[in-house]
Amino acid sequence: MVRAAVLRIGHRSFRDARVTTHVGLAARAFGAEGLYLATDDPGAVQSIADVVARWGGTFFIRESIQWRRCIYRWKEKGGVVVHLTMYGQRLTEVIGEIRNHSNVLVVVGAEKVPGELYGLADYNVSVTTQPHSEISSVAVFLDHLFDGKELSREYHEAPMQIQDTVRRGR
Ligand SMILES: C[S@@+](CC[C@H](N)C(=O)[O-])C[C@H]1O[C@@H](n2cnc3c(N)ncnc32)[C@H](O)[C@@H]1O
């Protein structure tokens with residue numbers, strides 16, 4: 001079974017706080033196990049932690065991490081590193097190969113990422129060849145990684161849950 005976590009680098013304080021929160025929420029909703037933040041953002045961490053407390057699961061958040069060290073450690077443990085960038089290989093061409101790995105670290109930027117990241121990553125992958133955002137790229141990549149299985153995940157122990165009757169519009 002493939003497992004994934006997301007590493008978010010290059011967050012610009014204030015301007016990106018809400019985007020960082022949404023990267024975390026998208027990562028959680030689409031099946032990642034946690035989020036590494038290369039910055040210190042108590043607001044984003046609190047917002048994501050609140051969602052985990054109410055909606056369930058064990059999604060972790062680590063902030064103020066050193067992104068190079070995070071990547072090196074991930075690789076030392078045998079994991080694979082996938083950097084999402086519009087300049088990468090097409091998602092559809094490489095996702096089958098990436099699914100063969102057990103632990104996938106998905107790296108996204110905010111603004112222009114350091115050039116060395118392209119070399120550190122095992123894969124540079126584009127989710128379309130058009131510019132969009134770290135939130136959409138994380139969501140679409142994870143959905144392909146998990147082959148859509150995360151879409152039917154339920155958190156039965158969570159305080160907040162959507163009831164079937166609501167979901168079916170009754
Ligand atoms: C607002 S974009 C930054 C775009 C910036 N011009 C650059 O040079 O990367 C923020 C992040 O979204 C992700 N992203 C944006 N478009 C993407 C695409 N087409 N495929 C994969 N990732 C993308 C990348 O991780 C990027 O670092």
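Author: Helix axes here are lines fitted to C-alpha atoms over the stretch in contact, and the angle between two of them runs from 0 to 180 degrees between N-to-C directions. Keep that in mind as we look at this predicted model.

Reader: Thanks! What makes α1 and α6 roughly parallel to each other?

Author: The axes of α1, residues 17-29, and α6 cross at roughly 5° and come within 9 Å. Angles under 35 degrees count as roughly parallel, and therefore α1 and α6 are described that way.

Reader: Which residues of α1 and α6 meet?

Author: From α1 come Val-19, His-22, Val-23, Ala-26 and Ala-27, and they meet Glu-134, Ile-135, Val-138 and Ala-139 of α6. Sorted by class, this contact has seven nonpolar residues, one polar and one charged.

Reader: Staying with α1, why is Leu-25 called buried?

Author: Leu-25 sits in helix α1. The cut-off for a buried residue is 20 or more other C-beta atoms within 10 Å. Leu-25 has 21 of them, so Leu-25 is buried.

Reader: What is Leu-25 in contact with, if its neighbours within four places in sequence are left aside?

Author: Those contacts are Ile-48 and Val-51.

Reader: Which residues have the most contacts inside the largest nonpolar core?

Author: Val-6 is one of them, together with Val-82, Leu-105, Val-106, Val-107, Val-138 and Phe-141. The core has 41 residues. Strand β5, residues 103-108, gives the most to this core, with five residues.

Reader: And what does Val-82 contact, leaving aside its neighbours within four places in sequence?

Author: Val-82 is in contact with Ile-98, Val-104, Leu-105, Val-106, Val-107, Ala-121, Asp-122, Tyr-123 and Val-125.

Reader: Asp-122 is in that list. Why does Asp-122 count as partly exposed?

Author: The class lies between two cut-offs: buried needs 20 or more C-beta neighbours inside 10 Å, and exposed needs 12 or fewer. Asp-122 has 18, so Asp-122 counts as partly exposed. You will find Asp-122 in the loop between α5 (116-120) and β6. Besides Val-82, Asp-122 touches Val-80 and Val-81, not counting residues up to four places away in sequence. Asp-122 and Leu-105 are 10.0 Å apart in space, C-alpha to C-alpha, and 17 residues apart in sequence.

Reader: What makes Glu-116 exposed?

Author: Glu-116 has its place in helix α5. Exposed requires 12 or fewer other C-beta atoms within 10 Å; Glu-116 has 10, so Glu-116 is exposed. C-alpha to C-alpha, Glu-116 and Arg-68 are 9.7 Å apart, and in sequence they are 48 residues apart.

Reader: What stands out about the phi of Ser-64?

Author: Most residues other than glycine have a negative phi. Ser-64, which is not a glycine, has a positive value near 55°. Ser-64 is in the loop between β3 (60-62) and α3 (67-76).

Reader: What about Thr-128, and where does it lie?

Author: Thr-128 lies in the loop between β6 (123-126) and α6. Thr-128 also has a positive phi, about 70°, although it is not a glycine.

Reader: Why do Ser-64 and Thr-128 count as exposed?

Author: The cut-off is 12 or fewer C-beta neighbours inside 10 Å. Ser-64 has 11, so Ser-64 counts as exposed. Thr-128 has 12, so Thr-128 counts as exposed as well.

Reader: Lastly, which residues come nearest the ligand?

Author: Of the 18 residues around the ligand, those are Leu-84, Met-86, Val-108, Gly-109 and Ser-137. β4 (80-90) and α6 (134-145) each supply at least two residues of this shell, and β4 gives the most, with three. By class, the shell has seven nonpolar, eight polar and three charged residues.

Conventions:
Residues numbered from 1 in each chain as written. Predicted model: local features only at pLDDT ≥ 70, side-chain atom pairs only at ≥ 80, totals over all residues. Near = placed C-beta within 6 Å. Helix = DSSP H or I, 4+ residues; strand = E, 2+ residues; numbered from the N terminus. Nonpolar A, V, L, I, M, F, W, Y, C, P; charged D, E, K, R; others polar. Parallel < 35°, antiparallel > 145°, perpendicular 65-115°, else oblique. Contact = placed C-beta atoms within 7 Å. Core = buried A, V, L, I, M, F, W, Y, C linked by C-beta atoms within 7 Å.
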